Amino acid sequence: MKLVLEAVTREVNGESHLYSMSMALEPGLNVLLGPTQAGKTSLMRVMAGLDRPTTGQVLVDGQDVTGRPIQQRNVAFVYQQFINYPSLTVFENIASPLRLQKKISNDEIQRRVRETAEMMRIGHLLDRLPAALSGGQQQRTAIARALVKQAPLLLLDEPLVNLDYKLREELRAELGQIFARRNAIVVYSTTEPLEALLMGGVTAVLDKGDLLQIGPTLAVYHQPAQRRVGEVFSDPPLNILPAVFEGGLALLSGDVRFPLPPHMAGLAGGTYWLGVRAHHVAMEAHLGREIEIPAWIELAELSGSETIVHADHRDGSGGEFHLIAQLSGIHNFSYEQQARLYLDPHRLFAFTASGALAASPPRAADQRKERA
Amino acid sequence: MQKTVNHRAWLLVLPVVLSVAFSAILPLMTVVNYSVQDILGPGQRVWVGNEWFIDTVRNPDLHAAFWRNLLFSFQVLLIQIPLGIAVALALPAKGWQASLSLVLIALPLLIPWNVVGTIWQIFGRADIGLGGYFVNNILGISYNYTLEPRDAWITVLVMDVWHWTPLVALLCYAGLRAIPDPFYQAARIDGAKLWSIFWYIQLPKLRGVLLIAVLLRFMDSFMIYTEPFVVTGGGPGTATTFLSIYLSNIAIGQFDLGNGSAFSLIYFLLIQILCFVFYTTILRVGRK
Amino acid sequence: MAEVKLRGLAHSYHPQPGKPEDYAVRPLEMTWEDGGAYALLGPSGCGKTTLLNIISGLIQPTQGQVLFDGKDVTELPTERRNIAQVFQFPVIYDTMTVFDNLAFPLRNRGVRPSEVTRRVQEIAEQLDLTEDLRRRASGLSADIKQKISLGRGLVRSDVAAILFDEPLTVIDPQLKLVLRSKLKQIHRQFKLTLIYVTHDQTEALTFADQVVVMYEGSVVQVGTPQELFERPAHTFVGYFIGSPGMNLLPARLVDGRVCVGDQPLPVNAGALRLAAGDELSIGIRPEFVRYSTAAAPDALPVHVTRVEDLGNYQIVTAELVGTAQRVKAKLAEEAAASLGPGWLQFPAERLRIYRNGMAV
C-alpha cells in the first residue's frame with residue numbers, strides 16, 4: 001500500500017489547521033514530530049478518513065479516496081486516551097474488530113487475539129475488564145485491538161503521552177520493534193524527539209500546521225533544513241546563539257569570538273544564528289572545544305541520569321544569550337554561580353537570518369567512514 | 001465541523017422528525033387555525049384576523065392573572081432556591097445515611113401532580129385535615145383556604161415548596177459533591193470559617209446548577225396548573241387563578257376557543273422568550 | 001519553619017490491618033530537617049500521597065506520631081498545624097481577585113489590614129504576580145493559579161512547612177521549567193521546609209536536596225540526587241531513577257565470588273554470606289558499562305542484539321554469552337558499535353551488589 005497526500009489543507013471555521021501538505025508514505029514507520037497545535041492530529045484524522053480535507057486529495061495506491069468515510073477504509077487508530085469497551089473483557093476488546101468482519105472463523109479469532117495479546121504482553125490478562133487494568137495495560141489493550149486488524153494503515157496519536165515515564169520507556173522500546181515487523185504504513189505522532197529517534201524510519205516535522213521537513217529520521221535530526229526543525233527536534237531545546245561572521249571570524253557577543261570551522265568556511269559574511277545541541281555544550285575544557293563562554297548558572301535540572309544546566313551569558317555591552325548544557329550523570333551546581341561553558345566549533349549548525357540551514361556539522365560517523 | 005459525508009444518517013433521524021411533526025406541529029397548527037377564525041360550527045367559520053389577539057392582550061383579567069403568576073413564580077424562587085441549598089448542605093455526604101436521606105427527600109417528586117393536589121386539599125382542611133386542624137385548633141390561628149384568599153395563596157405556595165424544593169436540593173447536592181476535596185482542604189489550611197467556605201467555595205461552584213434550578217423552577221411555576229386546580233380551583237374568587245387556570249377557564253369552561261387559542265399562542269411565545277433569555281444568560285455567565 | 005519528625009508512623013486503610021500488605025504506609029521513622037527541600041518520589045500507589053496527607057493532618061495515621069519541632073501534632077487538625085499545601089489541580093477562590101486570594105489566609109487570622117497589604121505585596125513581588133493583583137483569579141492560566149496557591153502559603157509568617165502534591169501536573173511543559181526555577185528561588189529565600197510529592201524523577205531530583213524514594217509503602221532510600229544515581233540502596237531505586245534504568249542481573253555466590261551465569265565478576269564480595277532463599281543480584285548503570293569490540297582483561301563476552309542511535313548517545317543491548325541475561329550500555333554518539341560479538345566491562349567501583357533487593 002502507498003498513501004499519498006496531495007496539497008491537503010484543512011480549515012475549521014476559517015482557521016487553518018493544516019496548510020498545504022504533500023507527502024507520500026510507504027509501509028514502515030512514519031513519525032509525525034511536532035509540538036502541540038502542530039497539526040499532527042488534524043493530519044492523522046484526514047489520513048484516516050475521519051475528516052475531509054478542505055482542499056487537496058488523499059490517494060491510496062493511486063486511487064482517490066478523499067471523502068470516503070473511515071468505515072469503508074481499512075484503518076486502525078489509537079488515541080492518547082485509553083479507549084476500550086468498559087463492559088468487554090480484554091479478550092473481547094481485542095477481538096472486537098475481528099467480530100465485525102464476517103468471514104473470520106472463531107478459531108482464527110482465538111488464534112489472532114492470543115497471538116497479538118502475547119506480543120503486547122497482556123496474554124495473562126485476557127479475562128479481565130479494562131477497569132481492573134493499570135494505565136499501561138489499558139493502552140496495551142487498545143494498541144492490541146489496533147494491531148489485530150492487520151490494517152494496512154495504522155495510526156497512533158501520541159499513544160504514550162498519558163503514561164508514567166517508566167511505562168512509557170518500556171512500551172516505546174517494544175513498540176518500535178513490533179511496528180518494524182509489520183507490513184503496514186504505521187504513522188506515529190509524538191512531541192518528543194527521543195521517541196522519533198527510537199522509532200527510526202521516516203520523520204515528518206510539523207509546526208503550526210506546516211510540514212517543515214520530511215526524510216529519514218536520523219538525516220532530519222542531523223541536517224535540519226531550518227532553524228525551527230532543529231528546535232522541534234531537540235530536547236533539551238536547541239541552543240540558538242546570534243552571531244556575526246566577518247573575515248573568517250564568528251563574533252558571538254562582545255567578548256566571544258572564534259575562527260570559522262571548515263564546514264562554515266564558505267559562508268559569506270553577515271548575521272547568522274548558530275545552533276548547538278545541549279549535549280554538545282560542555283562544562284570542562286577539552287581538546288577541540290575552542291569556544292569558551294563565561295556564564296551564570298541559573299538552574300540545574302536533574303533528569304535521573306543527566307544534568308541539564310541552564311546558564312546565561314552577559315557581556316559588558318548588553319549582549320546576552322541563554323545556553324543549555326546537557327551533562328551525563330548527576331552534578332551539583334549552585335544558583336548564580338559563575339561557570340565556563342565550552343563549545344566545539346565543529347559541532348555548530350549555522351542558520352541564515354531567515355532561518356534556513358547554511359551549514360551543518362560533519363558527523364562523527366561520516367568522519368570515521370572517510371578515515372577508513 | 002466538516003466531516004466525511006454519509007447521507008444515510010438522515011434516515012435514522014427521520015422517525016423522530018415525523019413523530020415530532022405529528023405530536024407537536026399538527027396540534028399547534030390547529031391552535032393557529034382557531035386563533036384567526038371564529039368557528040361557529042362544522043363548516044361555519046369566519047375569518048377574524050388578529051381580533052382574538054387584540055381582545056386577549058387588552059383583557060384586564062388576563063393582566064391580573066399574569067402579574068399574579070409572576071409574583072407567585074418569584075416567591076417560589078425566593079423560597080425554594082435558598083431552602084434547597086440549605087437542605088443540600090445539611091444532607092450527609094456519604095454512607096447509608098446519604099442514600100436514605102436522598103430517597104426520603106426525593107419522595108415528593110415521585111408523587112403524581114394531581115395526587116399532590118389531593119393530598120394538600122385534604123391536609124389543609126380545617127375539619128378533617130391534619131394541617132388545617134393543627135393551625136386552627138392548636139396554634140389558634142384562623143385558617144381556611146376555601147374562604148380566605150390569603151390562606152389559599154399560602155396553601156398553594158407551601159404545597160409548591162413541599163413538592164419542588166427537593167428538586168433544587170438534589171441538583172445542589174450533586175453540585176456540592178462535584179467540588180473536589182482539595183478545595184475544602186485548602187480552605188481549612190487557609191483558616192476559613194464555615195461561612196467563608198460557603199460564600200467563597202460552595203456558592204461559586206454551585207453557580208452552574210443554580211442557574212439550571214432557577215430556570216426549571218421559574219418555567220414550571222409559571223406554567224403551574226394541576227395542583228392549584230385540584231386544591232382551590234383558582235379561588236376563592238380569582239386569588240389563585242394563574243395563567244394556565246385562566247386559560248382553561250376560557251377555553252374549556254366557557255368554550256371560547258378563539259380567545260383561548262390566541263391566548264395559548266401568546267403564552268407559548270412568552271415562555272419561549274423567557275426560556276431564551278435564561279438560556280443565553282446561562283451560556284454567557286458560563287463563558288466568563 | 002519547623003523540623004518535621006515521623007516516629008513509628010504507619011497507616012492502613014483496612015479496619016484491622018494484619019499483613020504488611022494491608023498497609024499503605026509501612027512503619028517508618030523519618031526526620032525532615034528545618035529548612036530542607038525534600039521530594040517524596042515513587043510510582044502511583046506507593047503511599048507517598050498518604051504520607052503527605054498524614055503530615056498535613058488530612059489523614060490520621062493508624063499508628064505512630066507526627067512531631068513538629070518536637071511537639072506532637074498527631075491529634076491536631078490541619079488548620080492548627082501551620083502548614084500550607086499546593087495541590088495537583090490549582091485551588092483558587094474564583095470570585096476573588098488575586099489580591100484577595102493572597103490576603104485570605106491572613107484576613108481569616110485577623111491580621112491588621114495594613115499588614116495584610118504589606119505582606120501580599122511583598123509575596124506578589126516574589127512570585128511575579130504584582131501585575132495581576134487586581135485581576136479576577138478565575139480567568140488566569142494554570143501556572144499563575146498554582147503560584148497563587150503557593151502564595152497563600154507564603155504570606156503567612158507562621159508556616160512550618162509547605163507541602164506540594166504533584167503541583168506541576170497541569171502546567172504546560174515549557175512553563176514547568178520556569179516554575180521549577182521559581183520554587184528553587186523561593187526555597188533559598190524563605191528557608192522553609194518544603195516537601196514535594198511526585199512520580200516524576202526530573203521534578204523530584206531538580207527540586208530536592210534530599211529525595212525520599214518510596215516503593216510499596218516503604219521508604220527504600222533517602223539520599224541526594226547524586227547518591228540515588230550512583231549508589232542506589234535498593235534495586236527499585238536503580239530501576240526507577242535514570243533512563244534507561246540500572247541493569248539488574250541475577251547472580252550467584254560461587255566459592256566466595258559473585259558470578260553471573262558462570263562468569264565471575266570483578267567485585268569484592270568480602271564477607272558476604274547468603275542464607276537459604278536469599279536472592280542475590282548485581283546492578284550497574286548503563287552509563288558505567290564499558291563496551292569494546294575487542295577482548296580485554298576482565299571483559300565479559302557478549303552478543304550485541306541491538307544498537308539504537310538516539311542522536312545524543314547510543315544504547316547497545318547485549319546478551320551475556322552463556323546466559324539469557326540482557327545488559328544495556330550507554331555509549332557516546334561517536335562510539336563505534338556493531339551487532340554480533342563484543343565485550344563488556346563492569347568497573348568494580350560501579351558494580352552494586354543486592355541481597356533481596358537491598359544493597360549489601
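Two strands are taken to pair if DSSP finds at least two bridges between them. Strands (E, at least two residues) and helices (H or I, at least four residues) are DSSP runs, numbered from the N terminus. The model described here is predicted; local features need pLDDT of at least 70, side-chain atom pairs count only at pLDDT 80 or more, and totals for chains, interfaces and linings use all residues. Residues are numbered from 1 along each chain as its sequence is written, while chains are lettered from A and ligands numbered from 1 in the order in which they are written.

The model has an ipTM of 0.86 and a pTM of 0.83. Where pLDDT is low, the predicted coordinates should not be read in detail.

Chain A contains nine helices and 21 strands. The C-alpha trace of chain A spans about 75 × 50 × 45 Å along its principal axes. Of the 372 residues in chain A, 44% are buried; a residue is buried if 20 or more other C-beta atoms, placed from the backbone, lie within 10 Å of its own, exposed if 12 or fewer do, and partly exposed in between. Two residues are in contact if their C-beta atoms, placed from the backbone, lie within 7 Å. Among the contacts in chain A with a separation of 6 or more, 66% are between residues 24 or more positions apart.

In chain A, an open sheet is formed by four strands in the order β2-β1-β4-β5, with antiparallel pairing. The edges of this sheet are β2 (15–25) and β5 (63–64) of chain A, each of which pairs on one side only. Within the sheet, β1 (residues 3–12) of chain A is joined to β4 (residues 55–60) of chain A by five bridges in the antiparallel sense. One position in β4(A), V58(A), stands opposite L5(A).

Chain A is divided into domain 1 (3–228) and domain 2 (239–365), with bounds that come from an automatic or database domain assignment. The C-alpha centres of domain 1 and domain 2 of chain A are 37 Å apart. Contact between these domains involves seven residues of domain 1 of chain A and nine residues of domain 2 of chain A. The side of domain 1 of chain A that touches domain 2 of chain A consists of two nonpolar, three polar and two charged residues. In this classification, Ala, Val, Leu, Ile, Met, Phe, Trp, Tyr, Cys and Pro count as nonpolar, Asp, Glu, Lys and Arg as charged, and the others, Gly among them, as polar.

Chain C contains eight helices and 21 strands. The C-alpha trace of chain C spans about 75 × 50 × 30 Å along its principal axes. Of the 360 residues in chain C, 45% are buried. Among contacts in chain C between residues at least 6 apart in sequence, those joining residues at least 24 apart make up 66%.

The assignment for chain C gives domain 1 (4–237) and domain 2 (243–359). A distance of 39 Å separates the C-alpha centres of domain 1 and domain 2 of chain C. Six residues of domain 1 of chain C contact nine residues of domain 2 of chain C. On the side of domain 1 of chain C that touches domain 2 of chain C, three residues are nonpolar, two polar and one charged.

Strand β19 (residues 340–345) of chain C pairs in the antiparallel sense with β15 (residues 290–292) of chain C over three bridges. L344(C) in β19(C) is the bridge partner of Y291(C). Strand β16 (residues 300–309) of chain C also runs antiparallel to β19(C), and five bridges join the two. Here W343(C) in β19(C) stands opposite P301(C).

Between chains A and C, contact involves 24 residues of chain A and 30 residues of chain C. On the chain A side, the elements that give two or more residues are α5 (165–180), α6 (193–199), α7 (217–222), β16 (291–302) and α9 (364–371). The largest share, four residues, comes from β16(A). By class, the side of chain A that touches chain C has eleven nonpolar, seven polar and six charged residues.

The contact between chains C and B takes 18 residues from chain C and 15 from chain B. On the chain C side, β6 (83–86) and α2 (98–108) are the elements that give two or more residues. The side of chain C that touches chain B divides into ten nonpolar, four polar and four charged residues.
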